[in-house]
Every structure is written in C-alpha cells, then in structure tokens.
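Please read the points with the display open.

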Amino acid sequence: MRVISAAGAHVLANPWAFGRKVLHGFSRNQGLLLAGAVAYYALLSVVPLLILAVIGLSHLVEERELLDTLGRYLEWVVPGQSKAVLAELASFVSHRDVVGWLLLITMLFFSSLAFTVLEKAMSVIFLHRVTVRRRHFLISALIPYCYVFCLSIGLLVVTVVAGRLESLGQDSVQLFGHEWSLRGVSGVLLYLLGLLGEIFLLTSLYMVMPVGRLTWRHALPGGVTAALLWEITRHVLVWYFSTLSQVSVVYGSLTTAIVVLLSLEIGAALLLLGAQVISDYERIAVELAAEKPAS
C-alpha cells in the first residue's frame, strides 16, 4: 500500500529544491504585493465585521461576554493592539441606536472586502487552475458574505464554550488527598480552542478560495503550518513592539493603525506563502503524472 504519493516522495527527496521553487514562485507572483493588498482591505474589514457580529449576536449572548471573547482572541490577529481595537469597537456598539440600515449595509459591504481580495490573490497563485476552470461570478460574490456569517457563528460558539471553560476554572478537584485548582487547565483549554479555530479557518480558506477542489489532505497541512508559523510570529511581534520598537515615536497617533496593518500584512504573507506551497506541490503532481507512461 502506498503511504506517500509520488509528489510527496519527490518533495522529501528534494526539499531544498522545492523550497527554492516555492520562494521563486512566491516572488514571481508578487506575493508581498498581494499580501499588502489583502492586509489593507483586511484593515478596512476587521472593525465593520466585528461590529456587525457583536450587534447581531448580542440578541443571543450577553454583550459583555462577546467583548471579553473578542478581547482574548483579537490578540491572535493584531498582537499588542487588541485593547485599542476593542475600545473603538465598544465605543461604537454603545451607540448602536444611531445606526441605520444604510450604515449597516455599508458595513456589511466593507466587512466582505478582505475575503474578496483574498480570493483574487489566491487566483494569482493558483493560476494553473484558473486557466482550466473559472468560477461563476455569483459564487465569488457570495463567498465573502458566507465567511462573514460563518465567522459570526464561530464567535457565538467560541463565546459559549469559553464561558463554560471559565466557569470550570473556578472549580477544583480532590486528588490524592490534595485539592487541585482547574484554573490552569481552563487557560490551556481556551488557548487550544483558539488554536483549533485558527487552524480550521486557515484550512477552510485553502479549500474554498482557490478555484476547483482542494482535498483536505493538502489543505490541512497548509493550515496547520500557517497557524504554527503565525503563532511564532505573533509572539515575536509582541516582544518586538513592547521592547525594541520606536514606532510610537515615529508615527504618534497613527501607531495603532500602522502596527495593525503591519501585523495583518505579515499574516497575509504567511497565508499566501502556504498557498504557494500547495500550488507548487500540485504542479509537481501533475508533471509527474504526465511523465508516467501509460499502462
């Protein structure tokens, strides 16, 4: 029984050549330029998306719980700047009574822009798919709004589960004659919950955004790799901005926007680099299949 595919065996036998191929393809596709575009539109989308999610879900869950959950997991997206973003969000939500339908529709449009641009960036990296098959424009138009809806549902689920885990942290168990607090256990579970959600989101992006079908066997390793790389990167960013960076001296009141944009661009670059890995792996599989003599 074959455990590793021919493409997988080729990559394992030539890891450095494959790495150079990926970096060359990423450079050829203007990966950093694409990441900058995705980051810019993500900056425009993140606040409207969060506002819509909080306003909609506050009918089902306490607003304070939603904001607490966002405050915890925003640190995963904009490391070191989650408090500033959350403060702006809370200020807007507290004045929700003045929000009209026109503003809601406008925010819904802006909240979808990041996913629209990400799909276009993916089409550049997966050009070999686009040349064979194109996606219907209605599907492309609906995908961003489906992601907005799914992220809102995900926020609801995470808020409910996080509330249960925090309640668990207030309990303790008797074991071997000693009382052990579960506070540390709940903290670990909250972290794992966020990490699993991050992996699931990245994997879904790799499966949905490119044209055509991508198997989970290809998408899941890409999602796990991108998530772990971002975990390392965001901790480095937090350390850098809190110790060495002089960005606040240079940019003053623009510091939050600059730091958030930089964080989003680094995250987008890692996401697109993972897509480039999958794309080049697919190309190798096709080339090896073409070279295989017909039986």
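1. Basis. The model is predicted, so local features need pLDDT of at least 70 and side-chain atom pairs count only at pLDDT 80 or more, while totals for chains, interfaces and linings use all residues. Residues are numbered from 1 along each chain as its sequence is written, and side-chain values use heavy atoms, with hydrogens and water left out.

2. Overall make-up. The chain has 12 helices and 2 strands; helices (H or I, at least four residues) and strands (E, at least two) are DSSP runs, numbered from the N terminus. Starting at the N terminus, the order of elements is α-α-α-α-α-α-α-α-β-β-α-α-α-α. Of the 295 residues, 40% are buried (under 20% relative accessible area; exposed is over 50% and partly exposed in between, with a 1.4 Å probe and protein chains only). Among contacts (heavy atoms within 4.5 Å) between residues at least 6 apart in sequence, 77% join residues at least 24 apart.

3. Salt bridges. How many salt bridges does the structure hold? There are 3, a salt bridge being a side-chain nitrogen of Lys or Arg within 4 Å of a carboxyl oxygen of Asp or Glu. Side chains of opposite charge can pair when their charged atoms come close.

4. Helix α4. The side chains of R64 and D68 form a salt bridge at 3.4 Å, N to O. Both residues belong to helix α4 (residues 63-77), where they are 4 residues apart, about one turn of the helix. D68 counts as partly exposed because its relative accessible area is 41%.

5. Helix α10. A salt bridge of 2.6 Å, N to O, joins the side chains of R234 and E231. The two residues lie in helix α10 (residues 216-243), 3 residues apart, about one turn of the helix. Both R234 and E231 are buried.

6. Helix α12. D280 and R283 meet through their side chains in a salt bridge of 3.9 Å, N to O. They sit 3 residues apart in helix α12 (residues 255-291), about one turn of the helix. D280 has a relative accessible area of 2% and is therefore buried, whereas R283, at 25%, counts as partly exposed.

7. Packing of α3 on α12. Helix α3 (residues 31-57) packs against α12 at an angle of about 130°, with the axes 8 Å apart. That angle makes α3 oblique to α12. The contact includes L32, L34 and L43 of α3, and V260, L261 and L264 of α12. Its residues divide into 15 nonpolar, 2 polar and 1 charged. For these classes, Ala, Val, Leu, Ile, Met, Phe, Trp, Tyr, Cys and Pro count as nonpolar, Asp, Glu, Lys and Arg as charged, and the others, Gly among them, as polar.

8. V260. Leaving aside neighbours within four places in sequence, V260 contacts L43, V78, Q81 and V85. V260 and Q81 are 179 residues apart in sequence, yet 6.9 Å apart in space, C-alpha to C-alpha.

9. T255. This residue is also placed in helix α12. T255 counts as buried, at 12% relative accessibility. Not counting residues up to four places away in sequence, T255 touches V247 and S248.

Definitions and conventions. Axes are lines fitted to C-alpha atoms, for helices over the stretch in contact, and angles run from 0 to 180 degrees between N-to-C directions. Angles under 35 degrees count as roughly parallel, over 145 as roughly antiparallel, 65 to 115 as roughly perpendicular and the rest as oblique.
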